[in-house]
Amino acid sequence: AMATITLEENNSLPAAKELKIRDCTPKYANQRVAVHAWIHHVRNQKKIVFLELRDGTGYLQCVLAGDLVHPSIVENLKREATIRIVGTLLLPPADKKCPGGVELQADYWQLVGSSSPDLEGIINQESNIDQMFDQRHILLRGTRASSIMKLRSICLHAFRQHFFENGYFEVTPPTLVNTFCEGGSELFTLDYFGSPAYLTQSSQLYLETMIPVVGDAFCIAQSYRAEKARTRRHLSEFTHLEAECPFITYEQLQDRIEFLICDVVEKIFAIDGDLLRSINPNAKVPKRPFMRMNYVDAIKYCNDNKIMKKNEDGTESDFQYGDDIPEAQERKMNDQIGEPIFLCRFPADMKAFYMARCPENRDLTESLDLLMPGVGEIVGGSMRISDYQELMNAYKKEGLDPSQYYWFTDQRKYGTTPHGGYGLGVERFLTWVLGEEHIRNVCTYPRYTGRCHP
Ligand code: 4AD
């Protein structure tokens with residue numbers, strides 16, 4: 001039988017300074033430090049073992065030799081095991097690249113939590129997407145996924161920074177609601193103590209009621225859409241960033257959205273440009289102003305550029321005024337043009353009941369979608385009906401019972417204002433800025449048709 005050994009920390013060495021990996025830099029070269037971390041990667045060369053550690057703040061290379069890798073204990077150094085490791089930070093040889101610019105020459109380690117050997121079998125080359133998302137909790141620990149999760153956090157921080165710097169207040173509206181905002185077909189219904197209720201599709205209506213309370217308002221809340229479509233940018237639960245602004249014009253609404261997008265990308269670069277470039281080497285702040293194209297001109301663009309409408313019988317034809325331009329064709333146009341586009345002034349019949357009409361043509365709305373190359377629509381917004389009677393007529397046309405909406409209507413009764421706002425899908429934004437192929441990759445645990453676990 002193999003002799004087993006028990007490692008002991010050498011107390012005659014200088015006391016170790018406990019550090020997070022982010023602080024393991026040349027500043028502490030030749031000093032003794034201790035780190036708590038997960039084993040991200042192991043390379044076992046028998047007499048010497050190289051570990052890459054991870055603690056959320058960064059990655060650290062470690063070298064272990066001698067008794068530290070004795071055969072009776074080396075098996076504990078498994079991928080994803082947690083350890084406390086102590087040693088001296090050294091500047092690596094010039095030809096060796098180490099994250100943080102140092103490597104740890106270990107003199108002691110102890111196991112905090114072991115990692116089961118079946119880890120290596122959980123996902124393999126043959127695993128399909130569903131099997132991978134069943135193991136999302138494990139795959140999130142990977143280098144790329146974890147960078148994306150950090151960028152997601154940075155992005156939310158940058159959005160909040162933008163709004164706070166510009167005098168907005170953040171509000172937290174309810175997501176259990178009894179009214180709808182974007183049409184009834186995509187509602188998740190639930191039993192609320194014996195009465196029907198819904199998971200919200202958008203916090204807009206509540207946000208509108210907050211502008212007399214705090215002025216410019218924003219919220220970051222979960223929205224839900226029971227969309228059957230399983231596409232690369234539809235989720236059934238998404239993080240919805242919405243803003244609402246009193247006393248602005250339609251043009252100012254567009255300017256504000258453009259400012260938001262560009263400022264937030266700039267802020268992400270400022271917070272951690274290296275991390276952003278590690279995921280998307282092509283990331284850049286878009287040029288302002290964005291192209292502004294009216295719906296009628298988009299129809300004309302499609303017809304002029306052989307982007308065809310697909311009919312139900314399989315034939316193709318030109319788009320007519322009043323047709324919805326489906327996502328595929330919209331994306332084709334957007335990719336041909338190759339820059340952000342505000343699609344503006346949609347016909348009222350195609351859009352939500354609350355949208356204000358254009359003064360120059362009452363068939364059109366002061367609405368907009370912001371399209372981004374590669375992803376498509378990331379923002380939807382509009383000016384809102386501010387006239388009481390006009391809103392009452394809009395309920396009627398939509399078949400809505402105004403009594404349910406009294407609190408929303410009252411805003412037009414007690415000090416109405418021209419106002420407008422928008423909703424931005426945070427995952428759509430991330431898919432665009434990170435250059436990701438699929439929206440599910442920017443979620444922690446994505447929810448889409450057929451997936452409500454883990
Ligand atoms: O265009 P939408 O439906 O607009 C609204 O909900 C408005 N009430 C927002 C407002 O004016 N306050 O949705 C807004 C954005 C879309 O542009 C898209 O980015 C995102 O929400 N979105 C989705 N993201 C992922 N999966 C889905 N199923 C989404 N549906 C909408």
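Student: What share of the contacts in the protein chain with a separation of 6 or more comes from residues 24 or more positions apart, and what makes two residues a contact?

Tutor: Residues are in contact if their C-beta atoms, placed from the backbone, lie within 7 Å. Of the contacts with a separation of 6 or more, 65% join residues 24 or more positions apart. The model is predicted, so local features need pLDDT of at least 70 and side-chain atom pairs pLDDT 80 or more, while totals for chains, interfaces and linings use all residues. Numbering runs from 1 along each chain as its sequence is written.

Student: What joins E19 to its partners E16 and E20?

Tutor: E16 and E19 run antiparallel with four bridges, and Ile341 stands opposite Leu371 in E19. E19 and E20 are also antiparallel, over six bridges; Met372 has Gly376 as its bridge partner in E20. Three residues lie between the strands of this hairpin, where Gly374 takes a positive phi near 85°.

Student: How many residues of E19 are buried, and what makes a residue buried?

Tutor: A residue is buried if 20 or more other C-beta atoms, placed from the backbone, lie within 10 Å of its own, exposed if 12 or fewer, and partly exposed in between. In E19, six of its six residues are buried. Ser367, Asp369 and Leu371 are on one side, with Leu368, Leu370 and Met372 on the other. In a regular strand, side chains alternate between the two faces of the sheet. In the protein chain of 454 residues, buried residues make up 32%.

Student: Are Glu80 and Phe193 buried, partly exposed or exposed?

Tutor: Glu80 has 17 C-beta neighbours inside 10 Å, so it is partly exposed. Phe193 has 5, so it counts as exposed.

Student: What makes the phi values of Glu80 and Phe193 worth noting?

Tutor: Most residues other than glycine have a negative phi. Glu80 has a positive phi near 80° and lies in the loop between E4 (59-65) and E5 (82-90). Phe193 has a positive phi of about 50°, in the loop between E9 (188-192) and E10 (195-199).

Student: Which peptide bond beside Pro289 is called cis?

Tutor: The bond joining Arg288 and Pro289 is cis, with omega about -5°. Pro289 is in the loop between H6 (250-279) and E13.

Student: How do you know which residues surround the ligand?

Tutor: A residue is near a molecule if its C-beta atom, placed from the backbone, lies within 6 Å of it. The ligand is surrounded by 24 residues, and the closest are Ser202, Gln204, Gly380, Gly423 and Gly425. E12, E20, E21 (419-425) and H11 (426-433) each supply at least two residues of this shell.

Definitions and conventions:
Two strands pair if DSSP finds at least two bridges between them.
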